[in-house]
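Trainee: I would like to learn how to read charged pairs and helix packing in a model. Please take me through them step by step.

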Amino acid sequence: MASILLVCAAAAVSGARTIDELAEWGARADAGLLAALDVRRHLLHWRHAPSRSAIGRVLERLDADALDAAVGAWLAHRHTAAAPGRRRVIAVDGKALRGSARLSQPRRHLLSAVTHGRPVTLAQAEVGSKTNETRHFQPLLAPLDLDADVVTFDALHSVKANVAWLVETKKAHYVAVIKPNQPTAWAQLDGLDWHAVAIQHTASNKGHGRRESRSVKTLAIADNLGGIAFPHAKLALRVHRRRKATGRKETRETVYAVTSLDAHQAKPAELASHLRGHWIVEAQHHIRDRTFAEDASTVHAGNAPRVMAALRNLAIGALKALGATNIAKTTRAIRDQPERALPILGITYKPDLNGT
């Protein structure tokens, strides 16, 4: 099983999208490469790559929780080694596997914890449907060491019980978006005297056919004045966004957020970066859909859909930890030379050139 999973991992790093492509990568690998992946010898002392059917059976029956835990731990180590001593900022968000749906079963839905900056998936869990995401928030993050880290999430996960657990039990910080579906907290934030506060940070950028600018204000929340109806909130944030798409009218949006970070722990520019950086998880999903065709995948049996997602997370995280900026271009560069995938996974490979 270990050798089959190593073949799958190396194939994923090479850009394999389907179970058929995982098997095809193994078929292109020579005997020396298969030996490095610990593929066993057969009776005639030949090494044969695992077949498509063998790979499919393993992926369907594999313990997906154990695989996600192993992949997350390995990627966390690589991420820490690439940026030692830095506070991690982690986004929590969900993703549906659209092609996994059948008449007899709904589409699979996964919840992930992904680092900002260089996106590395630290944890992943299957939650059944989007409405179940909030009750899987704590089980997803419970195995992780989050001491002094910052966790970002959208309004769906701005649940008081989860936030209190995050601060009190995991000793982490948070940046939580507050929307009108939490009327008490939102009304308190909207009612603060923002006009008396100067803009503390601005940023703008162009790209993808639009121009966007953002201004940020922060305001300390005084406990002796009643605080705010959100646990451990130290600062309130107001982000005003202006967006102008080519050929369209300018749109404006005001977003409120709260954080357990105090003013001396994070500057307004850093808090703005945390809010904007949360959407790195969407960039991760985009890579999985466009480069690895995850939404088009029709794999649906057993645990195979989630295992394939874990292999994609492994490939993207390993490449990002090494500094790759374009995953599609990188996988194309190594697709036709299977031996290039092994060093990326930390496997030493010294080809035997005798007789060649």
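Mentor: Begin with a term for accessibility: a residue is buried under 20% relative accessible area, exposed over 50%, and partly exposed in between. Keep in mind that this is a predicted model.

Trainee: Is Arg 243 buried, partly exposed or exposed?

Mentor: Arg 243 has a relative accessible area of 37%, so this residue is partly exposed.

Trainee: Which residue does Arg 243 pair with in a salt bridge?

Mentor: The general idea is that side chains of opposite charge can pair when their charged atoms come close. Here the partner of Arg 243 is Glu 212, with the closest N and O atoms 3.0 Å apart. Glu 212 belongs to strand E7 (residues 210-220) and Arg 243 to strand E8 (residues 235-245), so their pairing ties together parts that are 31 residues apart in sequence.

Trainee: Is Glu 212 buried or exposed?

Mentor: Glu 212 counts as buried, because its relative accessibility is 5%. Glu 212 also forms a salt bridge with Arg 210, where the closest N and O atoms are 3.9 Å apart. Arg 210 is partly exposed, at a relative accessible area of 35%.

Trainee: How many salt bridges does a search of the whole structure find?

Mentor: The search finds 17. One of them joins the side chains of Arg 88 and Asp 149, at 2.9 Å from N to O. Arg 88 sits in the loop between helix H5 (64-82) and strand E1 (89-97), and Asp 149 in the loop between helix H6 (137-141) and strand E4 (150-153), so this pair ties together parts that are 61 residues apart in sequence. Both Arg 88 and Asp 149 are buried.

Trainee: Now the helices. At what angle do helix H11 and helix H12 pack?

Mentor: An angle from 65 to 115 degrees counts as roughly perpendicular. Helix H11 (residues 304-321) and helix H12 (residues 327-335) pack at about 95°, and their axes are 11 Å apart. H11 is therefore roughly perpendicular to H12.

Trainee: Which residues make the contact between H11 and H12?

Mentor: H11 contributes Ile 316, Leu 319 and Lys 320, while H12 contributes Ile 327, Thr 330 and Thr 331. Sorted by class, the contact has three nonpolar, two polar and one charged residues.

How values were computed. Residues are numbered from 1 along each chain as its sequence is written. This is a predicted model: local features need pLDDT of at least 70, side-chain atom pairs count only at pLDDT 80 or more; totals for chains, interfaces and linings use all residues. Side-chain values use heavy atoms; hydrogens and water are left out. A salt bridge is a side-chain nitrogen of Lys or Arg within 4 Å of a carboxyl oxygen of Asp or Glu. Helices (H or I, at least four residues) and strands (E, at least two) are DSSP runs, numbered from the N terminus. Buried means under 20% relative accessible area, exposed over 50%, partly exposed in between (1.4 Å probe, protein chains only). Axes are lines fitted to C-alpha atoms, for helices over the stretch in contact, and angles run from 0 to 180 degrees between N-to-C directions. Angles under 35 degrees count as roughly parallel, over 145 as roughly antiparallel, 65 to 115 as roughly perpendicular and the rest as oblique. Contact means heavy atoms within 4.5 Å. Ala, Val, Leu, Ile, Met, Phe, Trp, Tyr, Cys and Pro count as nonpolar, Asp, Glu, Lys and Arg as charged, and the others, Gly among them, as polar.
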